[in-house]
Amino acid sequence: MPQKHADQKQILVVDDEPDTLDLLCSVLQVNGFTAVGVDNADAALEQVREHVPDLFLIDYMMPDTDGMTTLQRCRALPGAGKVPAVMLTADSRLATLERAISRGFDEFLTKPILDNDEFVLRLKEVMSRFF
């Protein structure tokens with residue numbers, strides 16, 4: 001697990017696409033976050049059991065467990081019930097986004113991420129509501 005400095009926020013990134021996972025974690029680290037990347041729901045649960053992050057960043061469409069179920073399972077763990085969450089999705093249909101918000105996500109971002117500065121700004125905005 002990456003070293004976390006006292007002032008850095010830790011973001012747990014869950015995405016089954018290795019290139020996307022690496023890119024997101026790199027962008028976050030360059031912008032002063034501690035990013036922990038995992039590629040499935042079980043690995044996310046294991047990570048949350050070890051250390052509750054400051055933010056969940058979870059892909060919606062994954063092969064074994066979708067992002068909404070992953071979030072519900074993570075938030076059921078001790079200390080993680082109120083961790084803010086952002087959904088990543090290539091599915092930009094309004095119904096999907098409304099469902100994500102109703103299932104506990106605080107924000108959503110559509111993939112691919114085209115503007116790294118906007119991506120980081122939106123994550124900071126979500127966290128500012130909680131910290």
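Five strands form an open sheet in the order β2-β1-β3-β4-β5, with parallel pairing. Two strands count as paired if DSSP finds at least two bridges between them; strands (E, at least two residues) and helices (H or I, at least four) are DSSP runs numbered from the N terminus. The edge strands, each pairing on one side only, are β2 (34-38) and β5 (107-110). On average, neighbouring strands of this sheet are turned by 20° against each other, direction ignored. Such angles run from 0 to 180 degrees between N-to-C directions, with axes as lines fitted to C-alpha atoms, for helices over the stretch in contact.

This is a predicted model, in which local features need pLDDT of at least 70 and side-chain atom pairs count only at pLDDT 80 or more, while totals for chains, interfaces and linings use all residues. Residues are numbered from 1 along each chain as its sequence is written, and side-chain values use heavy atoms, leaving out hydrogens and water.

Strands β1 (residues 10-14) and β3 (residues 55-59) run parallel and are joined by four bridges. V13 has L57 as its bridge partner in β3. Helix α4 (residues 94-102) packs on the sheet, where α4 touches β4 and β5, and its direction makes about 155° with that of β4. Contact means heavy atoms within 4.5 Å.

Strand β4 (residues 85-89) includes T89. T89 counts as buried because its relative accessibility is 0%, buried meaning under 20% relative accessible area (1.4 Å probe, protein chains only). Leaving aside neighbours within four places in sequence, T89 is in contact with Y60, M61, L97, L109, T110 and K111.

Key
Buried means under 20% relative accessible area, exposed over 50%, partly exposed in between (1.4 Å probe, protein chains only).
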